[in-house]
Amino acid sequence: MSAKKFSDKIAIIALVFAGALGLCACGDREESGATYLSLEKDGTVRSHIEESFEQSYYSKEELLQSIQAQAADYNKSAGGGQITVDKVEVANGVTDVLMTYPGAEDYAAFNEEVFFVGTASQAQEAGYDLNVVLSGVGNAQETVGKPDILAMEDARLLIMDIAEPVKLGGKALYISDNATVSQNAKTAWRIHGESGLVYVIFK
């Protein structure tokens, strides 16, 4: 899980991320304003984490310094685009952290997770298995397989193994059977209790 893997990097950040999966258990979670990712039009990924924070153990300053140090270490080793820590706030026992990643590959590398966004052809070139059957969001009886997925050159494909909701920056057209979407089809997430990679075709 992303929460667990991130916490392996630094114990302080674990206090922020530890409950992220629990927040994703039910409901239209993009409405909760808690923890989610957003895919921006320029290709960047924004991560918003809202979690309970035990100030009796760590201060806001320590939390901020720790997150900034992790981002700085990654930026130094990765080169190119830079991960930014846009906001760290603590109020009423809740911490609010906003981070921006240059791209999906940076989010995946920093959090040690599967998180791909691109065309189906790019996913295939990257080694992802596209031998899957996806169901239509508007009509679950409408399914598509690998040839159909590869033919959708004007759509984007999200492949992930995280449970946090993802605001797509478009509408989901087809999803894997372990995924679900919000009523407006603009946010997707893995169904609580399910495992495996989540596939979402959106446009």
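Helices (H or I, at least four residues) and strands (E, at least two) are DSSP runs, numbered from the N terminus. With that in hand, let us walk through this predicted model, in which local features need pLDDT of at least 70, side-chain atom pairs count only at pLDDT 80 or more, and totals for chains, interfaces and linings use all residues. Residues are numbered from 1 along each chain as its sequence is written, and side-chain values use heavy atoms, with hydrogens and water left out.

**A covered helix**

Start with helix H5, residues 104-111. Six of its eight residues are buried, where buried means under 20% relative accessible area, exposed over 50% and partly exposed in between (1.4 Å probe, protein chains only). The buried ones are Ala 104, Asp 106, Tyr 107, Ala 108, Phe 110 and Asn 111. After H5 comes Glu 112, with a positive phi near 55°.

**Strands and their partners**

Next, look at the strands. Two of them pair if DSSP finds at least two bridges between them.

| Strand | Partner | Bridges |
|---|---|---|
| E8 (residues 156-160) | E13 | five bridges |
| E10 (residues 172-175) | E13 | three bridges |
| E9 (residues 166-167) | E12 | two bridges |
| E11 (residues 179-181) | E12 | three bridges |

Why is strand E13 (residues 198-202) largely enclosed by the rest of the structure? Five of its five residues are buried, so the rest of the structure largely encloses E13. In a regular strand the side chains alternate between the two faces of the sheet. In E13, Val 198, Val 200 and Phe 202 point one way, while Tyr 199 and Ile 201 point the other way. Val 200 is the bridge partner of Leu 158, and Phe 202 is that of Ala 172.

Strand E12 (residues 187-190) has Thr 187 and Trp 189 pointing one way and Ala 188 and Arg 190 the other, all of them buried. Ala 188 is the bridge partner of Val 166, and Trp 189 stands opposite Thr 180. E11 and E12 form a hairpin with five residues between them, and Ala 185 in the turn has a positive phi of about 65°.

**The nonpolar cores**

A nonpolar core is a set of buried Ala, Val, Leu, Ile, Met, Phe, Trp, Tyr and Cys residues joined through side-chain atoms within 4.5 Å. The largest has 32 residues, and those with the most contacts inside it are Val 45, Phe 115, Leu 158, Val 166, Leu 168 and Val 200. Apart from that core lies another, of 15 residues, among them Phe 116, Leu 130, Met 152 and Ile 201.
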